[in-house]
Amino acid sequence: MKAKHLQLLGFSLVIVAIQLLTQFTNSAYHLTQLTMTAYYSLLIVGLCMLIGYAGQISLGHAGFFAIGGYISAFLTTHDLSPYKTKGIVAVLAKAGVLTTRPDLYGGDLLTVNPWASCIMALSAAIIVAYIIGGPVLKLKGHYLAMATLGFGIIVYRIVLGSGLLGAADGISDVPSFRLFSGIEITGRSSARVINYYIAWGLVIAGMALLLNLIHSRVGRALASIHGAEDAADAMGIPTAQYKLKIFVLSAAFASLAGVLLTHYNGGVGPSEASVMKSVRYVAIVAVGGMANLWGALAMSLILNYLSLRGYFGTFDDAVFGGILILIMLFAPGGLLRRQILRDIRHIFGAKGKDQGGEAA
Amino acid sequence: MNIELFFQYVVAGLTYGAIYAIVAIGFNIIYNATGIINFAQGEFVMLGGMTAVTLNHFIPLPAAILGAVLVATFVGALIEIVFIRWLRGPSVLRLIIITIGISILIRETALHIWGESVRALPYFTGTSVTSINFRGVYVSPQVLWVIGISAVIVVFLTLFFNHTLLGRQMRACSANRDAARLCGISARNMVTLSFMLSAAIGALGGCVVSPITYVHYDIGTPLAIKGFTVAILGGLGNSTAAVAAGMILGIMESFSIWVLPAAYKDVISISILLVILFVRPSGIFGSAETARLKEF
C-alpha cells in the first residue's frame, strides 16, 4: 500500500469519525456546514493544484464556481412550458433532458433535469476556461493576477446585473439533485448524513484523482515548470499546454462544486461570485502551504467550517485578509510544511534566500 | 444623438476618466519605485473620500481635505514600513497577495468605522444643481474641479520628478537601484516616499470626485482594476500616457451606457483590460520593441 492510499484512507476515517462524533454528541446540525465545507473544499483542492503545482495564481475562481452554480440553478428553475412545442425545447424534450415537477401554485413546471443541467454547466465552465485560459496563462505575475481578477469581476457584474439571473437576489427554489433513485443532493435535514457522505466522498475521489496526477508524467512536468519554466520548455515539455490543462481541470472542479452546492442550498446568490470569495480561496490555499494538497484540504475543512458556523462574526472577510498577510509575511511557504523548524530558524536567522521565491 | 448630448457624454466620461487616471498614476509611482503593483491603490481613494467627509463635520472643507490627504499619506507610509520594507527579495506572487490582504484590511476597517452607508462631500462651489452652460452642454462646476485638480496633479508630478532633488532621487532608484544607492540615495526611503505620494494623490482624487460619484467602503476594488486598466492602456509606468488612457476609458465607458444597461459598465472596461492584456500588454502608447524585452 502506497503512502497516498494510506493518506486517503486516513482522511476517510477522519470524515467518518467526525460524523460519528456528531451522532454521539447529538449535534448532527453541524453536518450541514460540514457538507457545504466539503463542496468548497472541492474547489480549493482544484485551485491548490493550479496555484501550488502549476504555479499560476487565479483570483477569479469564484467566477467558475458561480458559472456552475448559476447555469445549473437557471436551467433547473426556468420554466420552459410556454415554448414546449418550439424548436430546441421540443428537441430537448425528445432527448429526455426535461422534467416536469409541480410548482408552488399547483401548476406544472417544465425544466431541464439536474443531470443534464449539471453536464451543461460543467461544459460551459470548461469551455470558458479553455477560451480565456489560453491567452490569460501567457501572462505572468501581476498581469496574470489582474487578468484573473478581472474575469472574476466580469462574472460578478453579469450575475448582479442580469434580471434573468435574479440580479441581487440570486436564484432560489432550486430543486434537489436526484443522483439515483432514493439518493439526492438536498438540504433537507432527513438526508443530512447521506449528503455529508456524498459530498466528502466526492472530495476524496477528487483528491485521489489529483494525487495520482501529481505522481504521474503530468505531475513531474508540472514540477519542472514550477522549478524553471524556460528549462522545462527547452526539454521539450509543452508548458503552455500543461498549464492550460490544469487551469481547465481546476475550473471544472470549481464549477462542479458550484453546481452541487447550489442544489444542496436550494439557491445561489451573487455573493458566491464576489472577489472576496476568490481571495478567500487563495488565502486557504496559501495557508495550506501552496503546493500541499493535504494542507489545503485540512485548512479548508477548518476555516470554511468556522466561517460557515459564523465564528468570525462581522470580521469574516477581515480574518481571511489578515491570514493572507500574516502567512505571506512570516511563512510564505505556508503554515503546514514539513520543515517548520527551518522556517523558525529562517525568520530569526534572517539568512538565506527568500522561501517565497518558490511559489512565484 | 444630437451634438449637445454627445458632448454631455464626453464630459461625463472625462470626469470618470480623470479619477481613473489618478488611480493609474498612483499605480505608476509605486510601480516605478519598486516594481510592485499595489492592489490597495483603490483603497486610498476610498480612505481619502471617507475621512474628508467625517472631518468636514468638524472643520471647514479645505482643512478637511488637507486632513484626509495627510491621514492617507500616513497610512501609505505605515503600510510600506510595516509590511513591505523588511521583506528581502520577495517574489511577485508574495507581494501581490500581501497588497491584496492590505486592501481587504483597509476595506474591512472602513466598514467597521463608517458602516455601509454612502457618503459625499458637499460640492466645492455651488450645489448639486448648479451648472455652467457651454453652448447647450451643461457642466457642473465640480466636473471642472475634478479635471482641474487632475491637471494640477499631473503638472505637479512632472515638475517634481524632473526638477526637484527628491524627485530625481526617486527616478534614479527606479532606473537603477544599486547605482542610486552607490550615489548615497536611500532607496528604502524612496520606496516609503512613493507609497506616501501615491496615497496622497489617491486621497485627493477621492475628495474631489466624492460629490459626484459618492464614496462608500467598497469602491476600492473596482477603482483599482479600472486604474490598472488605464495604467496598462497607457503603458505601465508612463504617467502622461495614463492621463490620455484614462480619458479614453472614461469616454468609452460613458458611451457604453448608451448601448448596454449601466449595470454592465464595469464589464465593458474590464473586457477592455483583458483584450489589451491579450493583444498588446505594452499598452497603446508603449513601444513594441521594449515590450519584447519585458516579461508579462
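Predicted model: local features only at pLDDT ≥ 70, side-chain atom pairs only at ≥ 80, totals over all residues.
Student: Let us start where the chains meet. How many residues of chain B are in contact with chain A?

Tutor: Two residues are in contact when their C-beta atoms lie within 7 Å. Here, 35 residues of chain B are in contact with 36 residues of chain A.

Student: Which elements of chain B give two or more residues to that side?

Tutor: They are α4 (92-114), α9 (220-234) and α11 (265-279) of chain B. The most comes from α4(B), with twelve residues.

Student: How do the residues on that side of chain B divide into nonpolar, polar and charged?

Tutor: There are 25 nonpolar residues, five polar and five charged.

Student: Now a helix pair. At what angle do α5 and α8 of chain B pack?

Tutor: The angle is about 170° between helix α5 (residues 141-163) and helix α8 (residues 187-213) of chain B. Their axes are 9 Å apart. Angles over 145 degrees count as roughly antiparallel, so α5(B) is roughly antiparallel to α8(B). The crossing of α5(B) past α8(B) is left-handed.

Student: Which residues make the contact?

Tutor: From α5(B) come B:Q142, B:W145, B:V146, B:I149 and B:I153. From α8(B) come B:I201, B:L204, B:V208, B:V209, B:P211 and B:I212. By type, this contact holds ten nonpolar residues, one polar and no charged.

Student: What about the core? Which residues touch the most other members of the largest nonpolar core?

Tutor: First, the general idea. In soluble globular proteins, nonpolar side chains tend to be buried together. In this model, the largest nonpolar core has 208 residues, and A:V45, A:A257, A:V285 and B:A203 touch the most other members. Helix α1 (residues 3-34) of chain B gives the most to this core, with 17 residues.

Student: What does A:A257 touch, beyond four places away in sequence?

Tutor: A:A257 touches A:Y39, A:Y40, A:L42, A:L43 and A:F65.

Student: One last residue. Is B:F44 buried or exposed?

Tutor: Count the neighbours. A residue is buried if 20 or more other C-beta atoms lie within 10 Å of its own. B:F44 has 34 C-beta neighbours inside 10 Å, so B:F44 counts as buried.

Student: Where is B:F44 found, and what is B:F44 in contact with?

Tutor: B:F44 sits in helix α2 (residues 41-55) of chain B. Leaving aside neighbours within four places in sequence, B:F44 is in contact with B:G26, B:A72, B:G76, B:A199, B:G202 and B:A203.

Conventions:
Residues numbered from 1 in each chain as written. Chains lettered and ligands numbered in written order. Helix = DSSP H or I, 4+ residues; strand = E, 2+ residues; numbered from the N terminus. Nonpolar A, V, L, I, M, F, W, Y, C, P; charged D, E, K, R; others polar. Axes fitted to C-alpha atoms, helices over the stretch in contact; angles between N-to-C directions. Parallel < 35°, antiparallel > 145°, perpendicular 65-115°, else oblique. Left-handed = near helix turned anticlockwise from the far one by under 90°. Core = buried A, V, L, I, M, F, W, Y, C linked by C-beta atoms within 7 Å. Buried ≥ 20, exposed ≤ 12 C-beta atoms within 10 Å, placed from the backbone.
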